[in-house]
Every structure is written in C-alpha cells, then in structure tokens.
Amino acid sequence: VQLQASGGGLVQAGGSLRLSCAASGLTLSSYAIGWFRQAPGKEREFVAAVTRSSITTNYADSVKGRFTISRDNAKNTVYLQMNSLKPEDTAVYYCAAGRASGVNSYAYTYWGQGTLVTVSS
C-alpha cells in the first residue's frame, strides 16, 4: 500500500497549485481522504477532508474558500486545488486515507510521503 502525493512547488502569492494523491494497492474510493500540512517548526495540521461517499467535505478555516478537495475514482486519485495561495500556506502537504474522515491525524491509517509547497511573497 502506497500513497504518493505530488504537485508541490514554488509559487508566488496569489497563485495556484493542484496537489495529487495517487494510490497503489489501495482503492481510494473506499476511504475517506484527508490532506494535512506541516510548516517548519510547527505541528502537522488539518487542511481538508472528503468522506468515502464524497458527499461531505470539510476544510480548515484558514483555507476555506481557497482550497477544494476532489476525487477522480477512475484514476484512483484525490486532488487538492489550492488557489489564492499565501506565504503562510508554505508547508509540506500530506495526503492520508482512513475509514472515517476527520480533522485529527489519528483518524487516518495510510499516509503519503508529502510534497513541499512554497509560496513566496
């Protein structure tokens, strides 16, 4: 089982990035998916989540209205579209899969390796 997060990079403030979370050995449509991030010197924090049914999404207040989580079940991939990026969004972003969605990291069983997003001012 492997989750692979990708799509990070360097972007100017106000720009956009789309992160992808692809899986091998795991059917993502059977799991709730969460995105978390960890900035240098800070604890890992919740960013966004989508339930297994994809009916419900949840976002951290800091990204609400700017980030969108979505699935492409045919590609076994989950995306995090990030718009209007701010320097404070700079972090390593992780995707995770679990049986139930939630804002706490312990709700998720499988984790990707992380992809770095750097937003310059």
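Asn76 counts as buried, because its relative accessibility is 18% (buried means under 20% relative accessible area, exposed over 50%, and partly exposed in between, with a 1.4 Å probe and protein chains only). Asn76 sits in the loop between β7 (67-72) and β8 (77-82); strands here are DSSP runs of E with at least two residues, helices are runs of H or I with at least four residues, and both are numbered from the N terminus. The phi of Asn76 is positive, about 55 degrees, although Asn76 is not a glycine. Most residues other than glycine have a negative phi.

Ser54 also belongs under this heading, with a phi near 70 degrees, a positive value in a residue other than glycine. Ser54 is found in the loop between β5 and β6. At 33% relative accessibility, Ser54 counts as partly exposed.

## About the model

Please keep in mind that this is a predicted model, in which local features need pLDDT of at least 70 and side-chain atom pairs count only at pLDDT 80 or more, while totals for chains, interfaces and linings use all residues. Residues are numbered from 1 along each chain as its sequence is written, and side-chain values use heavy atoms, with hydrogens and water left out.

## The chain as a whole

Let us step back to the overall fold. The chain has zero helices and eleven strands, and from the N terminus on its elements run β-β-β-β-β-β-β-β-β-β-β. The C-alpha trace spans about 40 × 25 × 25 Å along its principal axes. For 121 residues, a compact globule would have a radius of gyration near 14 Å, and the 13 Å of the chain agrees with that; the radius is taken over C-alpha atoms, and the globule rule is 2.2 Å times the number of residues to the power 0.38.

Of the 121 residues, 44% count as buried. Among contacts in the chain with a separation of 6 or more, 57% come from residues 24 or more positions apart, where contact means heavy atoms within 4.5 Å. The accessible surface of the chain is about 6,000 Å², and 46% of it belongs to carbon and sulfur atoms; accessible areas come from the Shrake-Rupley method with a 1.4 Å probe, and for residues only the protein chains shown count as cover. The chain carries 11 positive and 6 negative charges, whose mean positions are 7 Å apart. Lys and Arg count as positive and Asp and Glu as negative, while His and the chain ends are not counted; the place of a charge is NZ of Lys, CZ of Arg, CG of Asp or CD of Glu.

## The disulfide and its surroundings

The structure holds one disulfide, defined as a pair of cysteine sulfur atoms within 2.5 Å. Cys21 and Cys95 are its partners, with an S to S distance of 2.1 Å. The link of Cys21 and Cys95 is right-handed, with 70 degrees about the S-S bond. Cys21 lies in strand β3 (residues 17-24) and Cys95 in strand β9 (residues 91-98), so the pair ties together parts that are 74 residues apart in sequence. Both cysteines are buried, and Cys21 has a relative accessible area of 0%.

Leaving aside neighbours within four places in sequence, Cys21 is in contact with Leu3, Gln4, Ala5, Leu28, Trp35, Asn76, Thr77, Val78 and Cys95. Ala5 is part of strand β1 (residues 2-6) and is buried, with a relative accessible area of 3%. Setting aside residues up to four places away in sequence, Ala5 touches both cysteines, Cys21 and Cys95, along with Ser20, Trp35, Tyr93, Gln113, Gly114 and Thr115.

## Two buried loop residues

Tyr31 lies in the loop between β3 and β4 (32-38) and counts as buried at 10% relative accessibility. Beyond neighbours within four places in sequence, Tyr31 is in contact with Leu26, Arg52, Arg71, Ala97, Gly98, Arg99 and Tyr110. Tyr31 and Arg99 are 68 residues apart in sequence, and their C-alpha atoms are 5.2 Å apart in space.

Thr51 is in the loop between β5 (45-50) and β6 (57-59). With 17% relative accessibility, Thr51 counts as buried. Not counting residues up to four places away in sequence, Thr51 touches Ala32, Thr56, Arg71 and Ser101. Arg71 is also listed among the contacts of Tyr31.
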